[in-house]
Each structure stands twice: as C-alpha cells, then as structure tokens.
Amino acid sequence: MSDRRGPLWAVLGLLLVLTADCATAAVAGPVAPAPAPAPAPMPAPAPLVAYGHSYIWAPNTYARITAQALGRTLEDRARFGATITEVEALVDSGDTRWTGGSDLVLLDATINDVLHRTPVSEFQMSLTAIVNTLTSTGAAVIVMMPVAPRAPHPGANPVLLARYGQAITTVAAGHPTVYLAHVAGWDPALDLGSDGVHPNDAGRQLLADAATTAARETHPPPARLATTASLH
C-alpha cells in the first residue's frame, strides 16, 4: 500500500512558502515607484544684439539694463556718433555684420541723423534696408522711437523730430516683426546729462523700460524669469 503523505506534505510546504511571502510583502509595504527623471535645464536665451549710436555704445547704457531685465547678455554692435547710413554699414559688413545668431535685435539710430539733418527720405530708405536684413533671419527688431534732446540740438524742435518718428512708424508698419519702443514720461530737462543730448541715469532707465516692454510683447520671458519685478 503506497504512502499518500508525500503529495500532502508537498502541498502543505507550498502553502507555507506562499504564506511567508505574503507576510513579508505586508511588512515591507508597497514598492515605491521609480522617481521621475529631472526636467532638462532650460537653454540660455540668445543675446540681445544692439545696433546704433552712443546711447548704446557705452559701458552702462540702457541697452545693457534692457538685456539684464530680459535675462540676456548684451552684444553691443553700436558706434559712437553713428548715423543711419553708418549703422547700415555695421549691419552689412565687418565684424558687426548681421548673420543671425539671435532672435532679438535692438535698434536705436535717429538722433545723429536729426543733428546732421539727413533727409528723411534717405533716413527711411536706410532704415528699411536695415530692417529687411535683420528680419530676414527671423529675428524680431525693437526700434526705439526718438526722444528729444535739449536746444540748441535741432532735435529739440518737435516738428523736425516727429518727421523722423513718422518715417520709423512707416517702416515698422511694413514689417510684422518690428516693434516700436515708445518712451513714456521723457523730460529733456530731467532725463539728460549736462550736454543736453545723452541720457543720465533717469533717462537710461526710461529708455530701458520702453525697450523691455516692447521686447516682452513679442518675446514673453520663460516662467523662471519674473515679469512682475520692477526695473526701478
């Protein structure tokens, strides 16, 4: 007569193993899910490239304040005393030649043309050529509207200054990626240095505020950059 206890003991042994495994799992608790991978770091924004005259060409200019407010570095391609035709040459040739490399350009090139009384038609033609070149790579262009200097600079004449401003507005109207920076609250008696032409600290801040506002219309900052922080 065969011994039937063998299969019975095998079943009992299996039950004991399963019971032990369940008890161990109950003590250990549920297995924690693997942590989610860390998000990739946000790439640094391209520099703010600036073309123009002495309002930009200096160590502490409103262009640098603007770049800092936008979380960018400044690539200064301005020249002291430059007129619009000289800025056009900067854009078209030499080590300042525009070949792309940024999605945002700041352009300030009016006050010396007012001083030298460049014909408005020539000013508008050069400005159009500059804007065509800059926007051909997909960059947005912030163009500063002119601010009044103090007499005896001819730009103190609001009628004359307005003619150049109208030329800028006309050029911008034909380019959807050109944005005008209108300076609010400008007072030549308060916002210029002793020469009556170049902005002081207060004037630089007003210019930077205008440029930053225009830039943020087309280039909203990423979430990590505070947009509500005051520039003052």
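Modeller: Let us begin with a pair of strands. Strand 1 (residues 48-52) and strand 3 run parallel and are joined by four bridges. The model is predicted: local features need pLDDT of at least 70, side-chain atom pairs count only at pLDDT 80 or more, and totals for chains, interfaces and linings use all residues. Residues are numbered from 1 along each chain as its sequence is written, and side-chain values use heavy atoms, with hydrogens and water left out.

Biologist: Why are strand 1 and strand 3 said to pair?

Modeller: Two strands pair if DSSP finds at least two bridges between them; strand 1 and strand 3 have four bridges, so they pair. Within strand 3, valine 105 stands opposite valine 49.

Biologist: What makes strand 2 (74-76) and strand 5 the edges?

Modeller: The open sheet has five strands in the order 2-1-3-4-5, with parallel pairing. Strand 2 and strand 5 each have a single partner strand, so one side of each lacks a neighbour in the sheet.

Biologist: How do you know that the span of helix 8 (residues 201-218) agrees with expectation?

Modeller: The expected span is 1.5 Å times one less than the number of residues. For the 18 residues of helix 8 that gives 26 Å, and the end C-alpha atoms are 26 Å apart, which agrees.

Biologist: Which residues of helix 8 are called buried?

Modeller: Buried means under 20% relative accessible area (1.4 Å probe, protein chains only). Among those that qualify in helix 8 are Leu206, Leu207 and Asp209.

Terms used:
Helix = DSSP H or I, 4+ residues; strand = E, 2+ residues; numbered from the N terminus. Buried < 20%, exposed > 50% of the residue type's maximum accessible area, 1.4 Å probe, protein only.
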